[in-house]
Amino acid sequence: MSRKLISSGSSFEENIGYSRAVVQDNWVFVSGTTGYNYEDMSISNDIVLQTEQCLINIKNTLEEVGANLSDIVRVTYILPNANEFKDCW
């Protein structure tokens, strides 16, 4: 079994011991992804922009290991405000 840890460079990964993604054989597990923009080190207050950035972050992580968004099997996401659910579609 081969295992590879993928890091985003976030200090949280080092401090609390998780990886942005774990590649195990033919599986890629992505976790802890937010709408944080690593290019300008910011996060928008707009839920739509956060959602778009989160998907960009997931896409970039998957591409790093040779996968893409069409390979996704399951997604779990958490919204602090349930009224914004429709905006995330």
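1. Asp 25 sits in the loop that joins strand 2 (21–24) to strand 3, where helices (H or I, at least four residues) and strands (E, at least two) are DSSP runs numbered from the N terminus. Although Asp 25 is not a glycine, its phi is positive, at about 55°. Its relative accessible area of 42% makes Asp 25 partly exposed, given that buried means under 20%, exposed over 50% and partly exposed in between, with a 1.4 Å probe and protein chains only.

2. This is a predicted model, in which local features need pLDDT of at least 70 and side-chain atom pairs count only at pLDDT 80 or more, while totals for chains, interfaces and linings use all residues. Residues are numbered from 1 along each chain as its sequence is written, and side-chain values use heavy atoms, with hydrogens and water left out.

3. Which residue in the loop between strand 3 and helix 2 also deserves a look? Met 41 is found there, and its phi is near 55°, again a positive value in a residue other than glycine. Met 41 is exposed, with a relative accessible area of 54%.

4. A search of the whole structure finds 1 salt bridge, the term being used for a side-chain nitrogen of Lys or Arg within 4 Å of a carboxyl oxygen of Asp or Glu. The side chains of Glu 63 and Lys 59 meet in a salt bridge with an N to O distance of 2.9 Å. Because they are 4 residues apart in helix 2, Glu 63 and Lys 59 are separated by about one helical turn. Glu 63 counts as partly exposed at 42% relative accessibility, and Lys 59 counts as partly exposed at 36%.

5. How many aromatic pairs does a search of the whole structure find? There are 3, where rings of Phe, Tyr and Trp (its six-membered ring) pair if their centres lie within 6.5 Å, and planes under 30 degrees apart count as stacked, over 60 as edge-to-face and the rest as tilted. One of them is the edge-to-face pair of Tyr 36 and Tyr 38, at 5.0 Å centre to centre with 70° between the planes. Tyr 36 is partly exposed at 23% relative accessibility, and Tyr 38 is partly exposed at 30%. Tyr 77 and Phe 85 form a stacked pair, at 6.2 Å centre to centre with 10° between the planes. Tyr 77 counts as partly exposed at 45% relative accessibility.

6. Phe 85 lies in the segment after helix 2 (47–64) and is partly exposed, with a relative accessible area of 39%. Together with Leu 69, Ile 72, Val 75, Tyr 77 and Trp 89, Phe 85 makes a nonpolar surface patch of about 650 Å². Patches are made of residues with over 30% relative accessible area and no salt bridge, with like charges joined within 9 Å and nonpolar side chains (Val, Leu, Ile, Met, Phe, Trp, Tyr) within 5 Å; accessible areas come from the Shrake-Rupley method with a 1.4 Å probe, and for residues only the protein chains shown count as cover.

7. The largest pocket has a volume of about 1200 Å³. Of the 34 residues that line the largest pocket, Val 30, Ile 58, Arg 74, Val 75 and Thr 76 are the closest to its centre. A pocket is an open set of points, on a 1 Å grid over the protein atoms alone, where a 1.4 Å probe fits, with protein on both sides within 12 Å along at least five of seven lines, and lining residues have an atom within 4 Å of a point. Helix 2 gives the most to this lining, with 7 residues, and strand 3 (27–30) and helix 2 each supply at least two.

Conventions. Grid points are joined across faces, edges and corners, and a volume is the space filled by probe spheres set on the points.
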